[in-house]
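Take a look at the structure, then follow along.

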Amino acid sequence: EEFLLSDEPSPGQWRIDANIEIPNELGGCRSYYSTPRGSCNFKVQEFVLPKFDISIEGPSQITSKDAYISGLVSGEYVFGEIVRGTVKLNATLMSPGRKDIIFHQ
């Protein structure tokens, strides 16, 4: 069975102990005794998003005659798994030696 933690659980090491009570009916008397026991230890801690690296590959130079710019954007977590998600890419073309933005998409 699953149990939900509260909205703001106290961090730390926790332990759950469980006993199963089995009814014992002898001579018309009803009593209970505990038998199988179990326990489980677990840790509650703050969730931290895993870190990842982003790689952007594209042409080393483009010209104003290029209709499209193609490339590859990829991400990899520090533990090696591929990052899956959506990329929003903004490309800005600037005149050499000037700060004027000519193109923004």
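Proline 11 is exposed, because its relative accessible area is 67% and exposed means over 50% (buried is under 20%, partly exposed in between, using a 1.4 Å probe and protein chains only). You'll find proline 11 in the segment before strand S1 (12–26); strands here are DSSP runs of E with at least two residues, numbered from the N terminus. Now look for glutamate 46: it sits 35 residues away from proline 11 along the chain, and their C-alpha atoms are separated by 7.3 Å.

A quick word on where this comes from: the model is predicted, so local features need pLDDT of at least 70 and side-chain atom pairs count only at 80 or more, while totals for chains, interfaces and linings use all residues. Residues are numbered from 1 along each chain as its sequence is written, and side-chain values use heavy atoms, with hydrogens and water left out.

Strands S3 and S4 each supply at least two lining residues, and S4 gives the most, with three. Val87, on the other hand, is found in the loop between strand S4 (72–77) and strand S5 (92–94).

Terms used. Helix = DSSP H or I, 4+ residues; strand = E, 2+ residues; numbered from the N terminus.
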